[in-house]
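Here are a few notes to read alongside the model.

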Amino acid sequence: MSSPLLLLLLSTVITVTAAAATSAYPSVTTDCTVSPADNELVPVRREVYGGGRIFDISHRYTVDMPLFWSPNGLGHMIDRYFDAGFDVDTLDLEVLNGPALLVDVPRDSNITAQVMESLKIPKGVRRVLFRTLNTDRRLMYKSEYDTSYVGFTTDGARWLVKNTDIKLVGLDFLSVASDDHLLSAHLEFFESREIILVEGLKLEDVPVGMYNVHCLPLRLVGAEGSPIRCILIK
Ligand SMILES: *[C@@H]1O[C@H](CO)[C@@H](O)[C@H](O)[C@H]1NC(C)=O
């Protein structure tokens with residue numbers, strides 16, 4: 001959970017370089033006499049692939065990205081699970097890959113039980129990505145860790161566990177639990193060992209709706225968190 005996520009704002013560059021970069025690949029040049037000029041050697045950085053079929057919802061890692069909570073990191077959330085060997089290598093890839101709902105959360109509140117109820121997420125939905133005020137405030141693009149981010153309150157987390165089938169919870173800042181409920185809300189999620197939390201997602205400019213999510217953490221033995229690459233496919 002301490003994975004630092006981050007980012008750069010390159011949308012204008014992407015537009016300008018898209019055409020040039022395609023022709024910069026020797027392998028796609030059919031005319032062998034043409035050698036690309038040096039000024040065409042510009043890599044393309046994309047958020048969307050396949051004409052809108054694939055959205056990359058991972059932030060780029062940069063030195064400017066915000067770091068979770070404290071420079072020293074957190075202790076183990078639930079010692080008995082950690083001691084028993086539940087590390088990121090034991091996470092269920094079936095939970096991390098499959099149909100997922102992207103929803104917008106009301107911007108005037110943290111994710112409380114009342115907010116969860118108002119979202120009316122149908123039973124059977126197992127993966128939900130919550131887009132919040134954090135995206136509007138571009139908190140993942142600020143190097144300073146802003147503790148006023150939106151996240152789950154303890155009763156919001158408990159409501160989700162008790163009343164929904166959600167097993168993958170995605171959020172657009174570095175902690176799914178609001179700062180005021182940091183430990184208690186995490187404990188609600190972790191107690192059953194069935195729910196996987198994916199934090200620091202890049203959800204701007206992605207239409208609300210159903211996708212297939214694909215998230216692959218690294219097989220870090222003995223680690224409680226991992227950098228993860230997540231994409232949405234229509
Ligand atoms: C969410 O909770 C944090 C404290 O954890 C608070 O600073 C922030 O203002 C709250 N956000 C909203 C939109 O209520």
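**Notes on rings, charges and one threonine**

1. Start with Arg-193, which lies over the face of Tyr-81, at 4.8 Å from the ring centre. Keep in mind that this is a predicted model.

2. Now go to Arg-138. Its charged end sits over the ring of Tyr-141, and the distance to the ring centre is 3.9 Å.

3. Next, the ring pairs. Searching the whole structure turns up seven aromatic pairs. One of them is Phe-55 with Tyr-211, an edge-to-face pair with 5.9 Å centre to centre and 85° between the planes. This pair links distant parts of the chain, with Phe-55 in strand S2 (residues 54–56) and Tyr-211 in strand S7 (residues 209–217), 156 residues apart.

4. Are these two residues buried or exposed? Phe-55 counts as buried because its relative accessibility is 6%, under the 20% cut-off. Tyr-211 is buried too, at 5% relative accessibility.

5. While you're looking at rings, find Phe-130, Phe-152 and Phe-189: they form one aromatic cluster.

6. Finally, have a look at Thr-164, in the loop between helix H6 (154–163) and strand S5 (168–171). Thr-164 has 8% relative accessibility, so it counts as buried.

7. What does the side chain of Thr-164 reach? It reaches the backbone nitrogen of Ile-166 at 3.2 Å. A polar atom of the Thr-164 side chain also lies 2.8 Å from the backbone oxygen of Leu-160. Leaving aside residues up to four places away in sequence, Thr-164 touches Met-116, Lys-123 and Trp-159.

How values were computed:
Residues are numbered from 1 along each chain as its sequence is written. This is a predicted model: local features need pLDDT of at least 70, side-chain atom pairs count only at pLDDT 80 or more; totals for chains, interfaces and linings use all residues. Side-chain values use heavy atoms; hydrogens and water are left out. Helices (H or I, at least four residues) and strands (E, at least two) are DSSP runs, numbered from the N terminus. Buried means under 20% relative accessible area, exposed over 50%, partly exposed in between (1.4 Å probe, protein chains only). A polar contact is a pair of N or O atoms within 3.5 Å; within protein, one must be able to donate a hydrogen and the other to accept it, and residues adjacent in sequence count only if both atoms are side-chain atoms. Contact means heavy atoms within 4.5 Å. Rings of Phe, Tyr and Trp (its six-membered ring) pair if their centres lie within 6.5 Å; planes under 30 degrees apart count as stacked, over 60 as edge-to-face and the rest as tilted. A charge sits over a ring if NZ of Lys or CZ of Arg is within 6 Å of the ring centre and within 35 degrees of the ring normal.
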